[in-house]
Amino acid sequence: MKLYTYPMGPNPRRVHLFMAEKGIELPWEKVELMNGGARSPEFLAKRNPQGGVPVLELDDGTHIAESVAICRYLEALHPEPALFGRTPKEQAIIEMWSRRIEQRLMMPTGMVWIHGSPLTRGVVPKQIPEMAEFSRKVVQHYYGFLEAQMADREFIAGNTYSIADILAFTTIEFAVRLLELPIDASHTRLSAWYAGVAARPATLQANKEAEKAGVP
Ligand SMILES: N[C@@H](CCC(=O)N[C@@H](CS)C(=O)NCC(=O)O)C(=O)O
């Protein structure tokens, strides 16, 4: 197996954090996103017709794109620790939160990035600054929503660390670092959760591996 990736990109980073939690090591190759490496005719033809990373190449030549699909595949191969839940109820609650995070947090974060950053000017035919500004407010509002929701639990989907935490953390990390969307100091529970995920041995290990490979 081999992973095509850009380790600090928020979507591929999900897979790196997931693998680190499970102690999975895989060979990986960095795809240069900024010069269109994940959109080249060769990449589209051979790896992912929709473009983008991560993509997991299996030994039989199959390519699996979509970060969560890759994580699910790895979970099936390496069930411990379970990051998609164990019981039907846990699995459903983790799925519920994962979908919420994708739709209500990742989507607007992506809009801020695509419509508001000078680095993505070439990505859309026309950037719409109003869309970036509106999405910024949606993200900030969602931070407040998560803060309230986490009153009764340690992690996003309960009292066990799960894929939902990985999705939320990688999104917020990107928003904090690249989009000037810090967590408000009044959001003490969300801040504590964020600091806790950032300090997890698996997160630190994934950071170290990315740095070793020369990835900022
Ligand atoms: N829904 C996809 C999104 C993949 C995605 O947008 N990846 C970004 C990196 S964070 C990318 O490759 N961007 C460059 C491009 O699409 O050319 C997933 O979860 O894997």
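Tutor: Start with H16, which touches L3, T5, P7, W28 and A206, leaving aside residues up to four places away in sequence. The model is a predicted one. H16 sits in helix α1, residues 10-22. With a relative accessible area of 8%, H16 counts as buried, because the cut-off for that term is under 20%.

H16 also belongs to the lining of the largest cavity, together with P7, W28, A206, E209 and A210. A search of the whole structure finds one cavity of 30 Å³ or more, and the largest cavity holds about 40 Å³ of space. Helix α8, residues 201-212, gives the largest share of this lining, three residues. By type, the lining residues are four nonpolar, one polar and one charged.

The largest pocket has about 1700 Å³ of space. It is lined by 48 residues, of which P10, N11, V53, M106 and W113 are the closest to its centre. The largest share, eleven residues, comes from α4. The lining of the largest pocket divides into 24 nonpolar, 14 polar and ten charged residues.

The second largest pocket has about 210 Å³ of space. Among its 14 lining residues, G85, E90, I94, A157 and T160 are the closest to its centre. Six residues of that lining are nonpolar, five are polar and three are charged.

Note on methods:
Residues are numbered from 1 along each chain as its sequence is written. This is a predicted model: local features need pLDDT of at least 70, side-chain atom pairs count only at pLDDT 80 or more; totals for chains, interfaces and linings use all residues. Side-chain values use heavy atoms; hydrogens and water are left out. On a 1 Å grid over the protein atoms alone, a cavity is a set of points where a 1.4 Å probe fits but cannot get out, and a pocket is an open set with protein on both sides within 12 Å along at least five of seven lines; lining residues have an atom within 4 Å of a point. Grid points are joined across faces, edges and corners, and a volume is the space filled by probe spheres set on the points. Helices (H or I, at least four residues) and strands (E, at least two) are DSSP runs, numbered from the N terminus. Ala, Val, Leu, Ile, Met, Phe, Trp, Tyr, Cys and Pro count as nonpolar, Asp, Glu, Lys and Arg as charged, and the others, Gly among them, as polar. Buried means under 20% relative accessible area, exposed over 50%, partly exposed in between (1.4 Å probe, protein chains only). Contact means heavy atoms within 4.5 Å.
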